[in-house]
Amino acid sequence: MSSAPFTVAIDGPAAAGKGTISRAIAAHFGFAHLDTGLLYRAVGALALDGADPIEAARALLPEALEDGRLRTAEVAQAASRVAVIPEVRAALLDFQRDFARRPGGAVLDGRDICTVIYPDAEAQLFVTASAEVRAQRRWKELSGKGDDRTLEQVLEDVRIRDARDSERDAAPMKPAVGARVIDTSDMSIEEAVAAAISHVEMCRGATAT
Ligand code: CDP
């Protein structure tokens, strides 16, 4: 296998399927994977504990990514609140860019990977789905972990986060011009993964020639 850098950049809103697709691409091609949302979730969790978010982002340690609370709905909202702060985003930039160019290939998923972190990524995807479908998926996931939020509350959370993520001034979420858009609303996981892998295959072919 070639050890040349090859970056797969995946953006999209909450619970659209980015995580599943990213992990499947990483496994299929033998690439490393970074869920960049975890960085913002870690800073959000530290801010909930009373830390200054900018200082927390500048001093973020790998251990902070292991915090068991990171997948909760409360931390998701805190993440999207700290993610509007330009200094927080700036503090996390170099780590993400270095990861994108690591030898052997990398998959990064988030909100601004194609638009800000690595716009030269060889393969770019924007994975989305309707707010209702995404809320349904997130609700199932959260109820499986014992969270008693109703579907309506989860839908409201999704809408608040969508608005905050796409209307902020710093790196707003939007499909990059060169990104292949995959709407997973009516797709099975297998179909969505297959569509994503076939796009990456095509981009790999284009890069090789
Ligand atoms: O897993 P889910 O899609 O619900 O969220 P996430 O990817 O873990 O991201 C949590 C929050 O972090 C998002 O709502 C964004 O506000 C922020 N985020 C960001 O601003 N930029 C990224 N590259 C990734 C996440």
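Both faces of strand β1 are covered: Thr7, Ala9 and Asp11 on one side, and Val8 and Ile10 on the other, are all buried (under 20% relative accessible area with a 1.4 Å probe, protein chains only). The model is a predicted one, in which local features need pLDDT of at least 70, side-chain atom pairs count only at pLDDT 80 or more, and totals for chains, interfaces and linings use all residues. Residues are numbered from 1 along each chain as its sequence is written, and side-chain values use heavy atoms, with hydrogens and water left out.

Strand β1 spans residues 7-11. Five of its five residues are buried, so the strand is largely enclosed by the rest of the structure. In a regular strand, side chains alternate between the two faces of the sheet. Strands here are DSSP runs of E with at least two residues; helices are runs of H or I with at least four, and both are numbered from the N terminus.

Strand β1 has two parallel partners. It pairs with β3 over five bridges, and Asp109 of β3 is the bridge partner of Ile10. It pairs with β4 (residues 123-128) over four bridges. There, Gln124 is the bridge partner of Ala9. Pairing requires at least two DSSP bridges between the strands.

The largest nonpolar core holds 21 residues. Such a core is a set of buried Ala, Val, Leu, Ile, Met, Phe, Trp, Tyr and Cys residues joined through side-chain atoms within 4.5 Å. Val8, Ile10, Ile21 and Ile25 touch the most other members. Two or more residues come from each of β1, α1, β4 and α9. Helix α9 gives the most, with seven. A second, separate core has 17 residues, including Leu34, Leu108, Ala121 and Ala176.

Val8 touches Ile25, Phe31, Ala106, Val107, Leu108, Ala123 and Val200, leaving aside residues up to four places away in sequence. Contact means heavy atoms within 4.5 Å.

The largest pocket contains about 890 Å³ of space. A pocket is an open set of points on a 1 Å grid over the protein atoms alone, where a 1.4 Å probe fits, with protein on both sides within 12 Å along at least five of seven lines; lining residues have an atom within 4 Å of a point. The lining comprises 39 residues. Ala15, Ala16, Gly17, Gly19 and Arg138 lie nearest the pocket centre. Helix α7 (131-144) supplies the largest share, six residues. The lining divides into 13 nonpolar, ten polar and 16 charged residues.

Technical notes
Grid points are joined across faces, edges and corners, and a volume is the space filled by probe spheres set on the points. Ala, Val, Leu, Ile, Met, Phe, Trp, Tyr, Cys and Pro count as nonpolar, Asp, Glu, Lys and Arg as charged, and the others, Gly among them, as polar. Buried means under 20% relative accessible area, exposed over 50%, partly exposed in between (1.4 Å probe, protein chains only).
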